[in-house]
Amino acid sequence: MKYFIVLYNTFLWAMIISFIMFKNLWLEMRMNIGLCFFIIWALLFIIFIFINNKKHIFEKHSIFSLINLIVCFIIALIILSPSAILYTPSSIIRDGLYAKRLLKLNTINIALFIFMFGGILIILISSLNKKFNKK
Amino acid sequence: MYKKIILFACLSVMLISCGNQASNASSNSQLTNSIGSAILRDNGAEPVIINADKKEIIIEAIVNGKYFTNPSRHHGIVFEGGKYGDRAVLIGLSDEREVYQALIDIGAIAGNNLKLEEYTKVSKNVDGQQLDVYVTWDGLGKEIPFAEIIKSDDVRDMDIRFGGNFEAAKDNRTGCILCLDSCPIAITSDAAYATAELENKKIDKFIREDILPKDGERVSVIFRIK
């Protein structure tokens, strides 16, 4: 489970970094922000798995992940406009996967929605399970 | 055990996407178009439809929903196999080098007046054959001028020219078929804006969600000699 928690939280951070890069039109015109997103996500994942193994920063992982999701959502709304939030994250992922013809933005939006809310649900449920098991 | 499998799968998706460059880069120099001219076309690219009588060519493109709400400052139509294939308001499905040959075949005269060194500063406007560019799609029943699918605070009459730039296009493989300001690499571009004008003056261009079909839908783009 700890791998999934790190994967989930680093996904949110990588997305925020990608949004900042995406809003820089000079970068957006010249670089594949989607590719940058996947590289940043992979790097953050490896770094935080390593850190977590030593310092257990995700000890209260359910509260941490929930707050992280809310904070990242608010930051995303500030960086992007509410209308752009429907297109930008999915277009970043599509560009990174080189799936222009294969995937429509709506399809990626559905997958993202399932990952974001399904992910936080899985984390919360596993945390509750742990508490019950301890009792 | 299953944790390791999940971890491996997730990392694989991340890393595969990093290395998943477009694999259709090979080209076949033996190909000819419907007129019989030798062309360069990447594998998987769709052929350009040439109508010499009407002096028009038609290419297929995909609506890029990213630019409904996010601005572009340069790329109008870019071939999907090109370097900037995912950064255009319309993703072209035909090879930009074939588009060049098709325009030559219908009698368009290339401008070839811009140099790559002028790319970063506001300097010259693209020259060449004036073209009318229209967009249409299944069920629409009419042609819409390309200018009407673009929205911007800076409104100028679009003046699309056959810039040519074949050598630059072939060397750089950006995929640019139509740029929204004068471009020394694109096959065609808008002479209403000088080189790098959109970026230097921070002029944003969006596509109109209220006119175009949804993201991912196919449209046909018609280039016709004026």
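1. Ground rules. This is a predicted model, where local features need pLDDT of at least 70, side-chain atom pairs count only at pLDDT 80 or more, and totals for chains, interfaces and linings use all residues. Residues are numbered from 1 along each chain as its sequence is written, chains are lettered from A and ligands numbered from 1 in the order in which they are written, and side-chain values use heavy atoms, with hydrogens and water left out.

2. Chain A, overall. Chain A has six helices and zero strands (helices are DSSP runs of H or I with at least four residues, strands are runs of E with at least two, and both are numbered from the N terminus). Its pattern along the sequence is α-α-α-α-α-α. The radius of gyration of chain A is 16 Å, close to the 14 Å that the globule rule gives for 135 residues, so chain A is as compact as a globular protein of that length (the radius is taken over C-alpha atoms, and the rule is 2.2 Å times the number of residues to the power 0.38). The C-alpha trace of chain A spans about 55 × 30 × 30 Å along its principal axes.

3. Burial and contacts in chain A. Of its 135 residues, 50% count as buried (buried is under 20% relative accessible area, exposed is over 50%, partly exposed is in between, with a 1.4 Å probe and protein chains only). Take the contacts in chain A with a separation of 6 or more: residues 24 or more positions apart account for 72% of them (contact means heavy atoms within 4.5 Å). Chain A exposes about 7,300 Å², and carbon and sulfur atoms supply 75% of that (areas are from the Shrake-Rupley method with a 1.4 Å probe; for residues, only the protein chains shown count as cover).

4. A:Leu80. This one sits in the loop between helix 4 (61–79) and helix 5 (88–97) of chain A. Is A:Leu80 buried or exposed? A:Leu80 is buried, at a relative accessible area of 2%. Setting aside neighbours within four places in sequence, A:Leu80 is in contact with A:Phe19, A:Lys23, A:Ile85 and A:Thr88. A:Phe48 is 32 residues from A:Leu80 in sequence and 26 Å from it in space, C-alpha to C-alpha.

5. The second largest pocket. About 450 Å³ of space lies in it (a pocket is an open set of points on a 1 Å grid over the protein atoms alone, with protein on both sides within 12 Å along at least five of seven lines; lining residues have an atom within 4 Å of a point). Grid points are joined across faces, edges and corners, and a volume is the space filled by probe spheres set on the points. The lining has 17 residues, and A:Phe73, A:Ile85, A:Pro89, A:Leu112 and A:Met116 lie nearest the centre. Helix 1 (2–23), helix 4 and helix 6 (105–134) of chain A are the elements that give two or more residues to this lining. By class, the lining divides into 16 nonpolar, one polar and no charged residues (Ala, Val, Leu, Ile, Met, Phe, Trp, Tyr, Cys and Pro are nonpolar; Asp, Glu, Lys and Arg are charged; the others, Gly among them, are polar).

6. The cavity. Searching the whole structure turns up one cavity of 30 Å³ or more (a cavity is a set of points where a 1.4 Å probe fits but cannot get out). The largest cavity holds about 40 Å³ of space. Both chains line it, with A:Phe22, A:Glu28, A:Met31, A:Asn32, A:Ile33 and A:Asp95 on one side of the list and B:Lys66, B:Asp86 and B:Arg87 on the other. That lining divides into three nonpolar, one polar and five charged residues.

7. Chain B, overall. Chain B has five helices and twelve strands. Of its 226 residues, 58% count as buried. Among contacts in chain B between residues at least 6 apart in sequence, 70% join residues at least 24 apart. Chain B exposes about 9,800 Å², with carbon and sulfur atoms supplying 50% of it.

8. Helix 3 of chain B. Eight of the ten residues of this helix (residues 96–105) are buried, so it is largely enclosed by the rest of the structure. Among the buried ones are B:Glu96, B:Arg97, B:Glu98 and B:Tyr100. Just after helix 3, B:Gly107 takes a positive phi of about 100 degrees.

9. Backbone spots to check by eye. B:Asn165 is not a glycine, yet has a positive phi of about 55 degrees. B:Asn165 is in the loop between strand 8 (160–162) and helix 4 (166–172) of chain B, and counts as buried at 6% relative accessibility. B:Arg173, also a residue other than glycine, has a positive phi near 45 degrees. B:Arg173 lies in the loop between helix 4 and strand 9 (176–179) of chain B, and counts as buried at 18% relative accessibility.
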